[in-house]
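Student: I would like to learn how to read a few features of this structure, one at a time. Could you take me through them slowly?

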Amino acid sequence: MVGVVCQHFDYFTQGYNQYNYNYNYNPYQKDDWSDWVMVQNVSAEELKKQDSLRHCTAMADIYTALMSVAPGQVRVSRFMSQVEPKISVLDYLKRIDKYFACSESVHVAALVYLDRLVSKNAIDLNPLTIHRLLAAATVVAVKFLDDIYYKNAYYAAVCGLSLKEMNKLEASFISLLGWKLAISEEDYALYCETVRQVLR
């Protein structure tokens, strides 16, 4: 849909009456419409996409920073890939955001969960583990927070994992958290503010 922004706002408020309907076209005369500026309206869906992209970019920046401060040790775990995935953290987050169709609070909760595990040195956050940890954290968060969610077979396909592996990652992740999935209002607000600061 195309909208029109112009200086001739009177045209819309006063109607056609002031204009001559028997207007004869003269190719050498300046057109009254020539100084009108055409702009394309941005749909609500497009705005949501832009906002989602900014949010995913901010989250990717936070996870990259988190990986840089996490201990450099590499321990073999269920979350470790044999080779570093070709998809970037940002593109992986964008894929999860697009197909999970979950609320933004889910992404914040996933960040909280991962930060908890990094803080108590329960996981290694590095390029070999980040993708599987993001998959597990987001699946756990979406099931805990959202009223509507999909089956694990769907989430596994989105995350590029087998259903069996997705189930194991989810179980391991919850176990590492000690089944403590609740997030206080204070903690949630703190992490939201962190994301907002990165967005600025």
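Student: Which residues does Asp-97 touch, not counting residues up to four places away in sequence?

Tutor: A contact means heavy atoms within 4.5 Å, and by that rule Asp-97 touches Ser-52, Cys-56 and His-107, once residues up to four places away in sequence are left out. Asp-97 itself lies in helix H3, where helices are DSSP runs of H or I with at least four residues, numbered from the N terminus. Please keep in mind that this is a predicted model, in which local features need pLDDT of at least 70 and side-chain atom pairs count only at pLDDT 80 or more, while totals for chains, interfaces and linings use all residues. Residues are numbered from 1 along each chain as its sequence is written, and side-chain values use heavy atoms, with hydrogens and water left out.

Student: Is Asp-97 buried or exposed?

Tutor: Buried means under 20% relative accessible area, exposed means over 50%, and partly exposed is in between, using a 1.4 Å probe and protein chains only. Asp-97 has 16% relative accessibility, so it counts as buried.

Student: How should I read the packing of H3 and H6?

Tutor: Two packed helices are described by the angle between their axes and the distance between the axes. The axes are lines fitted to C-alpha atoms, for helices over the stretch in contact, and angles run from 0 to 180 degrees between N-to-C directions. Here H3 (residues 89-100) and H6 (residues 152-159) pack at about 150°, with their axes 10 Å apart. That angle makes H3 roughly antiparallel to H6, a label that applies to angles over 145 degrees.

Student: Which residues meet there?

Tutor: From H3 come Tyr-92, Arg-95, Ile-96, Tyr-99 and Phe-100, and they meet Tyr-154, Tyr-155, Ala-157, Val-158 and Cys-159 of H6. Sorted by class, the residues of this contact of H3 with H6 are 9 nonpolar, no polar and 1 charged; Ala, Val, Leu, Ile, Met, Phe, Trp, Tyr, Cys and Pro count as nonpolar, Asp, Glu, Lys and Arg as charged, and the others, Gly among them, as polar.

Student: At what angle do H5 and H6 pack?

Tutor: Helix H5 (residues 130-145) and H6 pack at an angle of about 145°, and their axes are 11 Å apart. In this contact Ala-135, Val-139, Val-142 and Lys-143 of H5 are joined with Asn-152, Tyr-155 and Cys-159 of H6.

Student: What is the phi of Ala-101?

Tutor: Ala-101 has a positive phi of about 50°, although it is not a glycine, and Ala-101 is found in the loop between H3 and helix H4 (104-119).

Definitions and conventions:
Helices (H or I, at least four residues) and strands (E, at least two) are DSSP runs, numbered from the N terminus. Angles under 35 degrees count as roughly parallel, over 145 as roughly antiparallel, 65 to 115 as roughly perpendicular and the rest as oblique.
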